[in-house]
Amino acid sequence: PFQLRLARSGATLDVPAGTTALQVLLDAGIDVNYSCESGVCGTCTTAVLEGTPEHRDSCLMDAERADNRLFTPCCSRARTAALVLDL
Ligand code: FES
């Protein structure tokens, strides 16, 4: 489990084990575009302001992955207790 903190809306959301960050965002009424829900298309790519994602996608480039400023909420998780997103 980890937490999402949304910089623009001020919301704090818990992502339980077994639930995707994308699902938590959508359930909270946050408008995130998505398509494949499996880390392939890149549609859901979201800017990360703080924290370190655990990348589980196959669409980001290696440099983007290493940079940790983007993550795909449909499949990726967090190495830190929280991710601050530009949402
Ligand atoms: Fe396709 Fe997330 S919806 S990568």
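Where is Ile-30 found? It is in the loop between helix H1, residues 21-27, and strand S3, residues 46-50. I'll come back to that loop. First, the overall picture.

This is a predicted model. The mean pLDDT of the protein is 97. Residues at 70 or more make up 100% of it. For the complex, the predictor gives an ipTM of 0.99 and a pTM of 0.95.

Now the fold. The protein has two helices and seven strands. Reading from the N terminus, the order is β-β-α-β-β-α-β-β-β. The C-alpha trace spans about 30 × 25 × 25 Å along its principal axes. How does the radius of gyration fit? A compact globule of 87 residues would have a value near 12 Å, and the protein has 11 Å, so the two agree. Buried residues are 24% of the 87. Take the contacts with a separation of 6 or more: 50% of them link residues 24 or more positions apart.

Next, the sheet. Five strands form an open sheet, and the pairing is mixed. The order is S2-S1-S7-S3-S5. Strand S2, residues 12-15, and strand S5, residues 70-71, are the edges, and each pairs on one side only. As a reminder, strands of a sheet pair through backbone hydrogen bonds, either parallel or antiparallel.

Let's walk across part of it. Strand S1, residues 2-6, runs antiparallel to S2, with four bridges joining them. Leu-4 has Leu-13 in S2 as its bridge partner. The hairpin of S1 and S2 has five residues between the strands. There, Gly-10 takes a positive phi near 80°.

On to S3. Two bridges join S3 to strand S7, residues 82-85, and the two run antiparallel. Glu-50 stands opposite Val-84 in S7. S3 is also joined to S5 by two bridges, again antiparallel. In that pair, Ala-47 stands opposite Leu-70 of S5.

Now the core. Which residues touch the most other members of the largest nonpolar core? They are Leu-4, Ala-21, Leu-22, Val-48, Cys-74, Leu-83 and Leu-85, out of 13 residues in that core. H1 and S7 are the elements that give two or more residues to it. The largest share, three residues, comes from H1.

Look at Val-48 in particular. Beyond four places in sequence, Val-48 contacts Leu-83 and Leu-85, among others. Its contacts also include Pro-53, Asn-68, Arg-69, Leu-70 and Phe-71.

Thr-46 is next, and Thr-46 is in strand S3. Is Thr-46 buried or exposed? Thr-46 counts as buried, because 24 C-beta neighbours lie inside 10 Å, and the cut-off for buried is 20 or more. Leaving out neighbours within four places, the contacts of Thr-46 are Val-32, Leu-70, Phe-71, Pro-73, Leu-85 and Leu-87. Cys-59 is 13 residues from Thr-46 in sequence, and 13 Å away in space, C-alpha to C-alpha.

Back to Ile-30, as promised. Ile-30 has 19 C-beta neighbours inside 10 Å, so Ile-30 counts as partly exposed. Setting aside neighbours within four places in sequence, Ile-30 is in contact with Leu-6, Ser-9, Leu-25 and Leu-87. Take Ser-9 from that list. Ser-9 and Ile-30 are 21 residues apart along the chain, and their C-alpha atoms are separated by 9.0 Å. Leu-87 is a contact of Ile-30 and also a contact of Thr-46.

Last, two backbone details. Glu-37 is in the loop between H1 and S3. Glu-37 has a positive phi of about 60°, although it is not a glycine. With 16 C-beta neighbours inside 10 Å, Glu-37 counts as partly exposed.

Then Asn-68. Asn-68 is in the loop between helix H2, residues 62-67, and S5. Phi of Asn-68 is near 60°, a positive value in a residue other than glycine. Asn-68 has 17 C-beta neighbours inside 10 Å, and therefore counts as partly exposed. Asn-68 is also one of the contacts of Val-48.

To recap. The open sheet runs S2-S1-S7-S3-S5.

Definitions and conventions
Residues numbered from 1 in each chain as written. Predicted model: local features only at pLDDT ≥ 70, side-chain atom pairs only at ≥ 80, totals over all residues. Rg over C-alpha atoms; globule rule 2.2 N^0.38 Å. Buried ≥ 20, exposed ≤ 12 C-beta atoms within 10 Å, placed from the backbone. Contact = placed C-beta atoms within 7 Å. Pairing = 2+ DSSP bridges. pLDDT = per-residue confidence, 0-100. Core = buried A, V, L, I, M, F, W, Y, C linked by C-beta atoms within 7 Å.
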